[in-house]
Amino acid sequence: PHTQNCENDPYVICTVARLFHADRKLEKARTWFNRAVTLNPDFGDAWSFWYKLEAQHGSDMTRGEVVRRCCEAKPKHGEVWQGVCKKPGNKFKDDYKAKLLAVVEAVQAR
């Protein structure tokens, strides 16, 4: 019964994707990150962790696709996302690429 609640939970799915990334199962990680952002496009942390994977192992094309889709989704939520985007002094306005890159920098520092 509990797995039914988890299989559509973008936070759980993002965590599984991060585990696949850590194990260098990159295609599986991409599939799971895509699933997380498809279920909840507003979940900025998932976009940033996915971009982190593409920054390390992807191409200009795969990085560009994550940025494009993130900019279309205009995410506003996520623990790290909100912490970075609402930090005093950050003036991103509607520049979602700048937001994404700043959050990626924050997750890499963790």
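## Surface and burial

Accessible area is worked out here by the Shrake-Rupley method with a 1.4 Å probe. By that approach, the protein, which is a predicted model, exposes about 6700 Å².

What share of the residues counts as buried? Of the 110 residues in the protein, the figure is 36%.

## Overall build

Reading from the N terminus, the order of elements is simply α-α-α-α-α-α-α.

How far does the C-alpha trace reach along its principal axes? The spans are about 45 × 30 × 25 Å. The radius of gyration of the protein is 13 Å, and this agrees with a compact globule because a globule of 110 residues would have a value near 13 Å.

Contacts tell us about the fold too. Take the contacts between residues at least 6 apart in sequence: 51% of them join residues at least 24 apart.

## Where two helices meet

Two packed helices can be described by the angle and the distance between their axes. Helix H5 covers residues 60–73 and helix H7 covers residues 96–109. Their axes come within 9 Å and cross at roughly 115°, and the crossing is right-handed.

Which residues make this meeting? From H5 come Val67, Cys70 and Cys71, and from H7 come Tyr96, Lys97 and Leu100. Sorted by type, the residues of this contact are five nonpolar, no polar and one charged. Lysine belongs to the charged group, so Lys97 is the charged residue here.

## Two lysines with positive phi

Most residues other than glycine have a negative phi. With that in mind, find Lys74 in the loop between H5 and helix H6 (79–85). Phi of Lys74 is near 50°, a positive value in a residue that is not glycine. Is Lys74 buried, partly exposed or exposed? Lys74 has 45% relative accessibility, so it counts as partly exposed.

Now move on to Lys93, in the loop between H6 and H7. Phi of Lys93 is also positive, near 50°. Lys93 has a relative accessible area of 73%, so it counts as exposed; the cut-off for that label is over 50%.

Note on methods
Residues are numbered from 1 along each chain as its sequence is written. This is a predicted model: local features need pLDDT of at least 70, side-chain atom pairs count only at pLDDT 80 or more; totals for chains, interfaces and linings use all residues. Side-chain values use heavy atoms; hydrogens and water are left out. Axes are lines fitted to C-alpha atoms, for helices over the stretch in contact, and angles run from 0 to 180 degrees between N-to-C directions. Helices (H or I, at least four residues) and strands (E, at least two) are DSSP runs, numbered from the N terminus. A crossing is left-handed if the near helix is turned anticlockwise from the far one by less than a right angle, and right-handed if clockwise. Contact means heavy atoms within 4.5 Å. The radius of gyration is taken over C-alpha atoms; the globule rule is 2.2 Å times the number of residues to the power 0.38. Buried means under 20% relative accessible area, exposed over 50%, partly exposed in between (1.4 Å probe, protein chains only).
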